[in-house]
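Hi,

Here is the structure I promised to pass on. Have a look at it first, and then read my notes below.

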Amino acid sequence: RFYGFLDPGSGSELGLPEDAWWSKNPVITEYLRPDEPVSFGPKTMPSTAANNGSNTGIVITNFSDIAPVMTFSLRNQFSVPNFPQFAGGSAAELLSPMLADLTGDGRTDIVAATVSGEIFAWQADGSKVIANGDVATVTQPNGLTAQIPRATFAAGGPLASPPAFADVVGDGRAEVIALLQEGKLQVWQAKDDDGNGRADLAWQVEVGATQSNVVVRVETKNVFCGNEAGTVFSFTGTGELRWQTALQRPVRGLSLLANGLLVALDNGLAILSEEGVAVFSNPPLPLSRGPAPNGAFAIADIDNDGQIEGLVAEQDGRLFFPINQGAEQTVLDFGAAIGGLAIGDINRDGRKEVVLAAGNQLFAVNYNGVLTENFPRKIGEQPRTAFVAQYLISPIIADVDGDGSQDVLVPGADGNVYAYRGNGSLVEGFPLALPGPGRGSLAAGDLDNDGKLELVGASGSGFVHVWRLPESSGQADWPMYHHDAAQTSLNPARETPVIADGKLMPEKSVYNYPNPAREGSTRIRYRLNGAAKVKISIFDTAGDLVTEFEGPGLAQADNEVEWQLDGVQSGVYLAKVEAQGDSEKVMKIIKIAVVK
């Protein structure tokens, strides 16, 4: 059949010269990619990207000459041998994968658990940590069924959160420390002395029904957890009770301070000493529905003042920070449930940013509660309504392209893995293809001790995937769920802030968003390189003063102030932003459009 110009493919239905993958195709070697061998991969045109644009990592090279039977070489530049591995469950069942050395061989192992309580563990080469004959029957894309290995490690009962990992019994390897919703704290060792194909239970204790996480002080081997009755427990690495403290309100999460615990309660917070003494309590924290049940809390010295600040998210998407003794509290409303928090320096300014995902957007917030420049970013193409509770996602922070800057990585509900730079752009080579919606957090670690990171993620199809990151630096500010295997939720790093020179208030840093403003308010933003007193005056086009107010004057930071538009008519307004420093005064006028 002849295909003409007006046919759907415009005559290309039988193929075009550039589609012909053979060793000496002149269209490719002379025109498209001169002096390069014929190849088909992520950077060629056409490419091996999936239909949704994600990077499959497939590279085809070494094409033979034209012949009835032709050959080529096929590889995946990101794939790790013997992965993916099947864990069962679904996107709604699998918890965030975690990394720890369970076998004591100096190599990092991979652990994934389900909400129903099954725990799976693989070594870096894909082999089972606990040898057994477990298999699962899965349906393949061609409709046929197949039996594949299932690396069952242990199964105790429905879990309140992903397990924690630390060497608490002193055997030179990390134990798996699981907190069951029914109220059992279990510690599993990566050995099978009784030969039943499951990890051996080192010890377990009853703590009462719980929705909390478990956290470990690695240096002392002490284990901490809480329950629904409001009691926080501490146990030694051998299971002996050290202390218990009644806080009267359900415990939702624990974070590890240098010398104590930050406890997220159902309607407030408390700080306990290492010996269980309540040194600070904040009952009036205005949580209308309690903290987010998925571990959306974290701690770090956000502002480099030598004090640890705590952050906790509410179920409906409000973020409270900083939370320390006597600090003024900032409340940010992201309008959708928050899946988890990560803290790290993503823009190389020597200050930590707080990163989170809410709905289908990725947010980054400066230490003063102001959105980081170039954020938020939309995560994939899924509509906001697709982000129901079981698909809540949590970011991690790692340098995946080796440029010395920390990148933000999140799994998407659309079946891709995204990595964003601090300027909001996608890291080259991303997104990566993930079969099925992502959930929870990814994990980054050096699995093969080559100085480069590997990336681990769980897909909605029930598989655990591992990708090589050959350009990574090996550095990660927040490499996994709750920061580390012990689930401390603490980024202990201390940065040296970068001091910016130049004008007191750079002119290009002054703007408002949204513009035009269509809702109830707009935010006026400006950067200050030194402390200043800031006054903002709003005029109409006739030059009449509409309103004026003061704005924050924090040095070496982006500052924002909200202009409420109640009673303001549609039109164009002029905002005069004046900053008075110790020895300099700067003024900038911007236009603001109001459309109602």
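Predicted model: local features only at pLDDT ≥ 70, side-chain atom pairs only at ≥ 80, totals over all residues.

**What I found**

Residues are numbered from 1 along each chain as its sequence is written, and side-chain values use heavy atoms, with hydrogens and water left out.

Helices (H or I, at least four residues) and strands (E, at least two) are DSSP runs, numbered from the N terminus. Two strands count as paired if DSSP finds at least two bridges between them. Strand β26 (residues 338–344) pairs with β27 in the antiparallel sense over 5 bridges. On to β28 (residues 361–365): β27 pairs with this strand in the antiparallel sense, over 5 bridges, and Val355 has Ala364 as its bridge partner there. β27 and β28 form a hairpin with 2 residues between them, and Gly359 in the turn has a positive phi of about 65 degrees.

Is β27 (residues 353–358) enclosed or open? 6 of its 6 residues are buried, so the strand is largely enclosed by the rest of the structure. (Buried means under 20% relative accessible area, exposed over 50%, partly exposed in between, with a 1.4 Å probe and protein chains only.) In a regular strand, side chains alternate between the two faces of the sheet. Here Glu353, Val355 and Ala357 point one way, while Val354, Leu356 and Ala358 point the other, and all are buried.

Next, the cores. A nonpolar core is a set of buried Ala, Val, Leu, Ile, Met, Phe, Trp, Tyr and Cys residues joined through side-chain atoms within 4.5 Å. The largest has 41 residues, and Val456 is one of those that touch the most other members. Strands that each supply at least two residues of this core include β5 (109–113) and β37 (454–458). Apart from it lies another core, of 37 residues, including Phe334 and Ala358.

Last, Asn55, which sits in the loop between α1 (26–32) and β1 (58–61). Asn55 counts as buried because its relative accessibility is 11%. For polar contacts (N or O atoms within 3.5 Å; within protein, one must be able to donate a hydrogen and the other to accept it, and residues adjacent in sequence count only if both atoms are side-chain atoms), the side chain of Asn55 reaches the backbone nitrogen of Gly57 at 2.9 Å. A polar atom of that side chain also lies 2.9 Å from the backbone oxygen of Gly429.

Cheers
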